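Please work through the following exercises with the sequence and the structure at hand. Each task is followed by a solution in steps.

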Amino acid sequence: MKFIVDQQVEDIEMPENLKLNTFLQEFHSDCPHPECSFGFYGFAFGQSPFPVPKLVQEALIKNADKGAYAAVPGIPELRNAISKYNKHYFGMDIDPERIYVGPGTKELIFNLLEILHGTVILPTPAWLGYLPQIRFLKKNYHMLPTRANKKFSPNDLRKLALRLQDRQKILILNNPHNPTGLLYDRLELEEIADVCREQNITVISDEIYAQTTYDFSKFVSMGKIYPEGTFVTNGLSKSHAAGGYRLGYVIFPQHATDLKGQFKKILATEYTAVSTPIQHAAVAGFEISKEMDEYFDVTRSIHQIMGEYTYHILSAIDGVKTTKPNATFYLLADFNAFATDLQKANIMTSQKLSESLILHPYHTAIVGGDSLVLERTDFSARIAYVDYNGSEDYQNYLEDKPKTSSEKVEFVKNNAPKVVAGLEMINKFFENLKKDTNYDLQTQKNSMIAP
Ligand SMILES: Cc1ncc(COP(=O)(O)O)c(C=O)c1O
């Protein structure tokens, strides 16, 4: 039997994270070297390594008997808890009626793009999740490339908006930002908001990494700066290391009453409601407690220690430029200074660069430029510094908090040996590339597959 797939599905590409997964699995089963058995140094996956907070796990167990469907926008306890969470951590007064709960923010962003008419403005580089959704919905879109500092300029946003004919434009703002780890501060957000007001731009502010901001006092939600035009999305995935729970929320702009009915219709049509036990577990995660406060504090401190180490090691490699992360567990490394050597080695695209780094003897997984919505030939990559045992490191951090710079370096060496070794491999790769300008990926690949 031959099944015919709808054209709009044929037209979208496999999301890059799934592509990467398949590639790594294939590589793994093909590699004959004994060193391959340990897997690889994983800088590719954007997943927090910490355990799901204990009290969230306990609440899930306690509520396993909740078999009834929940209300479409979310259970009232959860919407109330999210409202208080936003007040406590982000200084926002949000009526729980403005909050909608969904199965992850990825789905909620998709739902927003479904109901909002207009051309999408996507600053690049970007998280690899947005573009397949925009394409699937056949929306008009324009990239907004960032400047040398890896942030987009409000002036460039204005210039682009002036060229667009649509009555409504939708800016996807991701703050703090994946893949650069950068944070737009209050002043920068105010400048962006000025342009949005002037040009009638609606903002989807993806703030899934808000809680990871290293100096938490510096984080400001766009929902506070531009409350009349911003949809804020956030959830459990990064701050609570619970991506697999699939729970996110969106805060609607002030006075968006008409729109809420339309949105509810979409949610009810597509998934009815998020799993009821998961919603009860999330209540425990969003309620203000000493345990959660400590959890956020410890996890963001460890992300910062790992981030600073990764930044220092990579930027010490001659020719490598990297962003200095203020949040998240990523940074963007720019290897374009090696472009000529890479091309001589027959590595013409960022995808090829990722493939070369995964091969023996490097075994290092990174996410290359075109998966970050950059040109295929842009040799930039996202480095996710999360390849360590989060449960153990959390305890070790609590037992002996590193304070000085050298204690922090020691902490990384003792607690994240794969991060240390993987960064050495990246260094070695570029050293070898420089040494051997005749380096040929194909030769290396063949030798790897030979019996
Ligand atoms: C920028 C960004 N937004 C959204 C998501 C998806 O979050 P969720 O698990 O809530 O769907 C991710 C996950 O990697 C992300 O990096």
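**Exercise 1.** Determine how much area domain 1 and domain 2 bury between them, and what share of it is on carbon and sulfur atoms.

*Solution.* 
Step 1. In this predicted model, the chain is divided into domain 1, residues 7-46 + 292-449, and domain 2, residues 67-287.
Step 2. The two domains bury about 3,000 Å² between them.
Step 3. Carbon and sulfur atoms hold 62% of this buried area.

**Exercise 2.** Which residues around the ligand come nearest, and which polar side-chain atoms lie by its oxygen atoms?

*Solution.* 
Step 1. The ligand has 13 residues around it, of which T105, D206, Y209, S237 and R246 come nearest.
Step 2. The shell consists of four nonpolar, five polar and four charged residues.
Step 3. A polar side-chain atom of Y209 is 2.7 Å from a ligand oxygen atom. For R246, an N or O atom of the side chain is 2.8 Å from an oxygen atom of the ligand. For W127, the distance from a polar side-chain atom to a ligand oxygen atom is 3.5 Å.
Step 4. On its own the ligand has 400 Å² of accessible area, and the protein covers 92% of it.

Notes:
Residues are numbered from 1 along each chain as its sequence is written. This is a predicted model: local features need pLDDT of at least 70, side-chain atom pairs count only at pLDDT 80 or more; totals for chains, interfaces and linings use all residues. Side-chain values use heavy atoms; hydrogens and water are left out. A residue is near a molecule or strand if one of its heavy atoms lies within 4 Å of it. A polar contact is a pair of N or O atoms within 3.5 Å; within protein, one must be able to donate a hydrogen and the other to accept it, and residues adjacent in sequence count only if both atoms are side-chain atoms. Accessible areas come from the Shrake-Rupley method with a 1.4 Å probe; for residues, only the protein chains shown count as cover. Ala, Val, Leu, Ile, Met, Phe, Trp, Tyr, Cys and Pro count as nonpolar, Asp, Glu, Lys and Arg as charged, and the others, Gly among them, as polar. Domain bounds come from an automatic or database domain assignment. Buried area is the accessible area (1.4 Å probe) that two parts lose on being put together, summed over both.
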